[in-house]
Amino acid sequence: MIKPHNEDPTGKKEQVREMFDSIARRYDLLNHLLSMNIDRRWRSRVVKMLRRQAPDSVLDVATGTGDLAIAVGRALPGAAVTGVDLSPGMLRIGREKVAARFPGRNLPMLEGDAEQLPFAEGSFAAVTCGFGVRNFENLPRGLAEMHRILRHGGCVYILEFSMPSPHNVLGRLYRFYFRKILPGIGRLISKDARAYTYLPESVGEFPYGERFCTLLTEAGFATPQMQVLMGGIATIYTARKP
């Protein structure tokens, strides 16, 4: 299991919380800079899919600074949208953004563990998660929790990094950027030596593609599907709770 600090005996969950707390103020800048704003388009794809379902309640797991929750809230003004995240530092930024974009609207940003969600079974019509599941300490448990808090017939929408094939030019260029260029820029701006080294390591370890669809099925979801983005740089996974 890849952790931000593999030599540290503390658990991945504690290390991830501390890492994101330390980079919270610079996270949005780095996220958009390092992806050249493509991450916004990917979230828009998730929101477009979600709008077709038109759920009345949505939980955004590992919400971070709230970019996906805010996009969902803007697209579904009548839905009850809630964000939950492990990092109080990221949530602090997220609450500031929510207050600025939705004055007077109730869009809670709650501190909580994705592997022990503080909600009753069947509480939400949809669950979203953007670039968060690879940070779970226990991925099957986190997926099982998403399944538990979904209503029957509800859907999950998960956006996560994947890896393009190394056998084409795009794949080779992306791997070089991801492993050699991105960590250096991340360290320079975030001042955290490990945060943007952990990113490519965690993506490389993540069971993307068909393996992740299998994990969704094992968690109890039906009809898992995936939409590959930009030749495999990211993937949107969807599945339904029967």
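Predicted model: local features only at pLDDT ≥ 70, side-chain atom pairs only at ≥ 80, totals over all residues.
Me: How many cavities of 30 Å³ or more does the count come to, and what volume has the largest?

Reply: The search uses a 1 Å grid over the protein atoms alone; a cavity is a set of points where a 1.4 Å probe fits but cannot get out, a pocket is an open set with protein on both sides within 12 Å along at least five of seven lines, and lining residues have an atom within 4 Å of a point. Points are joined across faces, edges and corners, and the volume is the space filled by probe spheres set on them. By this rule there is one cavity of 30 Å³ or more. The largest cavity has a volume of about 380 Å³.

Me: How many residues line the largest cavity, and which lie nearest its centre?

Reply: Its lining has 31 residues, and Ala 62, Thr 63, Asp 85, Gly 132 and Asn 135 are those nearest the centre. Helix α1 gives the largest share, five residues. For classes, Ala, Val, Leu, Ile, Met, Phe, Trp, Tyr, Cys and Pro are nonpolar, Asp, Glu, Lys and Arg are charged, and the others, Gly among them, are polar. The lining then divides into 13 nonpolar, nine polar and nine charged residues.

Me: What is the volume of the second largest pocket, and which residues line it?

Reply: The second largest pocket holds about 250 Å³ of space. Its lining residues include Asp 28, His 32, Arg 40, Arg 43, Asp 67, Arg 74, Lys 97 and Arg 101. At least two residues each come from α1, α2 (38–53), α3 and α4 (88–101). By class, three of the lining residues are nonpolar, two polar and seven charged.

Me: How is the overall fold to be read: how many helices and strands does the protein chain have?

Reply: The chain has eight helices and seven strands. Its radius of gyration is 17 Å, close to the 18 Å that the globule rule gives for 242 residues, so the chain is as compact as a globular protein of that length. That radius is taken over C-alpha atoms, and the rule is 2.2 Å times the number of residues to the power 0.38. Along its principal axes the C-alpha trace spans about 45 × 40 × 35 Å.

Me: What percentage of the residues count as buried?

Reply: Buried means under 20% relative accessible area, exposed means over 50%, and partly exposed lies in between (1.4 Å probe, protein chains only). Of the 242 residues, 57% count as buried.

Me: Is Leu 68 buried or exposed, and which residues is it in contact with?

Reply: Contact means heavy atoms within 4.5 Å. Leu 68 sits in helix α3 and is buried, with a relative accessible area of 4%. Leaving aside neighbours within four places in sequence, Leu 68 is in contact with Arg 43, Val 46, Val 47, Asp 60, Thr 128, Cys 129 and Gly 130.

Me: Where does Pro 88 lie, and which residues does it touch?

Reply: Pro 88 is in helix α4 and is partly exposed, with a relative accessible area of 25%. Not counting residues up to four places away in sequence, Pro 88 touches Arg 17, Asp 21 and Glu 111.

Me: Where is Asp 113 placed?

Reply: Asp 113 is in the loop between β3 (109–111) and β4. At 15% relative accessibility, Asp 113 counts as buried. Beyond residues up to four places away in sequence, Asp 113 touches Lys 13 and Leu 86.

Me: What is phi of Phe 131, and of Thr 223?

Reply: Phi of Phe 131 is near 55°, a positive value in a residue other than glycine. Phe 131 lies in the loop between β4 and α5 (139–149) and is buried at 8% relative accessible area. Thr 223, in strand β6 (residues 222–229), has a positive phi near 45°.

Methods:
Residues numbered from 1 in each chain as written. Heavy atoms only, no water. Helix = DSSP H or I, 4+ residues; strand = E, 2+ residues; numbered from the N terminus.
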